[in-house]
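Dear colleague,

Please find below the structure that I am handing over to you, together with its sequence. My findings follow directly after it.

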Amino acid sequence: MLPRPVPVRLLASLAVAATLIATPGFAQDEPLPVPKGVVAHRDLAYVPDGHERQKLDLYLPEGAEQNAEPLPVVVWIHGGGWSGGSKRGCPPLNPRFIQNGYAVASVGYRLTDAAPFPAQIEDCRAAIRYLRAHAKEYNLNPDRIGVWGSSAGGHLVALLGTSGDETAFDVGKNKDVSARVQAVCDYYGPADFPAFAESDGYERVALRPGSPVYKLLGGPVMEKAELARRASPVTFASADDPPFFIVHGTEDPVVPADQSVRLHAALQKAGVDSTLKLIEGGAHGGKEFHSGETLGEVVAFFDKHLKSPSAK
């Protein structure tokens, strides 16, 4: 049987997306300026003597170490198809976060040219454990850590949220420290790779050699079935997962919106507090994801689950 034709408009969009993913400047590669009144601790090695990307940047309000109350933390995990991007761009440096009583961290992780999955989630979990293990040093609240990421970063934060007890993903130091997080904001991340590979019009994104998903798994989804299942956040959804805020565009040409619909449904079925915001006509990123309205919802979400006295 011949493969189903892919609409011309979608192929054009995919070509643009592939170019962006392959471009070094994609996923906010340029460093954002550090706001006034903020102290930057850059390139903290969460894996001693590890890969050059196993480092994080930590941003604190001036005098944070002397604050009476430990700071809740918002951790940013970048996108870039698991093969590009860097920690240098960090949207939570927005004044609504860093100047409103939060510590902010931006995490680097090994890309697929260095290692396939599960290296990426192993690194992200190691970074969370590092922050928790060094909470007293930087006056962080180890019980109030939220994560936010877009695209590949959205996938990784979603997997952090659902795989809290999956110690098989824990390697290296601080293995006695929890990698659990208390809130997850997922911007248009893949969540169910077997379903992704079967999505009409997206087969070439997930299946062709050299595509982001192919490189992540080290081969096509159908030949890496168990790995694809373990890489999928929906696999681990359970009642003890933290609250989720999921945002996706209905016309996303790179990751089908159905991925976020599936994750939201799996979380709700498990009894997890999950909110799904579908942006009508939204693509894979764009100004609508950082509009005052959407950003305000992100801030309110983290405030509720990381700063509220009733937050767990």
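A135 is buried in this predicted model, with a relative accessible area of 5%; buried means under 20% relative accessible area, exposed over 50%, and partly exposed in between, with a 1.4 Å probe and protein chains only. This residue lies in helix α4 (residues 135-138). Helices (H or I, at least four residues) and strands (E, at least two) are DSSP runs, numbered from the N terminus. Leaving aside neighbours within four places in sequence, A135 is in contact with L140 and P142, where contact means heavy atoms within 4.5 Å. The C-alpha atoms of A135 and P70 are separated by 8.4 Å, although the two residues are 65 apart along the chain.

Residues are numbered from 1 along each chain as its sequence is written, and side-chain values use heavy atoms, with hydrogens and water left out. As the model is predicted, local features need pLDDT of at least 70 and side-chain atom pairs count only at pLDDT 80 or more, while totals for chains, interfaces and linings use all residues.

Overall composition

The protein has 11 helices and eight strands. Of its 312 residues, 56% are buried. Among contacts between residues at least 6 apart in sequence, 76% join residues at least 24 apart.

The sheet

Eight strands form an open sheet with mixed pairing, in the order β1-β2-β4-β3-β5-β6-β7-β8; two strands pair if DSSP finds at least two bridges between them. β1 (38-45) and β8 (274-279) stand at the edges with a single partner strand each, so one side of each is left without a neighbour in the sheet. From one strand to the next, the twist averages 15°. For this and the other angles below, axes are lines fitted to C-alpha atoms, for helices over the stretch in contact, and angles run from 0 to 180 degrees between N-to-C directions.

β1 pairs with strand β2 (residues 55-61) in the antiparallel sense over six bridges, and K55 in β2 is the bridge partner of A45. β2 is also antiparallel to β4, over four bridges, with A105 in β4 as the bridge partner of L58. β3 and β4, by contrast, pair in the parallel sense over five bridges; there W76 has S106 of β4 as its bridge partner.

All five residues of β4 are buried, so this strand is largely enclosed by the rest of the structure. A103, A105 and V107 point one way from β4, and V104 and S106 the other way. In general, the side chains of a regular strand alternate between the two faces of the sheet.

Strand β6 (residues 183-187) is likewise largely enclosed by the rest of the structure, because five of its five residues are buried. Both of its faces are covered, with A183, C185 and Y187 on one side and V184 and D186 on the other. Five bridges join β6 to strand β5 (residues 140-150), and the two run parallel. Y187 in β6 stands opposite S150. Between these strands the chain passes through helix α5 (residues 152-162), and this β-α-β crossover is right-handed: with the strands pointing away from the viewer, the path from the first strand over the helix to the second runs clockwise. β6 also runs parallel to strand β7 (residues 244-249), to which four bridges join it, and Y187 stands opposite V247 in β7.

What is the burial of α5? Buried residues account for 11 of its 11, so α5 is largely enclosed by the rest of the structure. S151 is buried, with a relative accessible area of 10%, and, leaving aside neighbours within four places in sequence, it is in contact with Y187, Y188, G189, P190 and H284.

The axes of helix α3 (residues 119-133) and α5 come within 10 Å and cross at roughly 65°. The contact is made by Q120, I121, C124, R125 and I128 of α3 and L156, L159 and L160 of α5.

Yours sincerely
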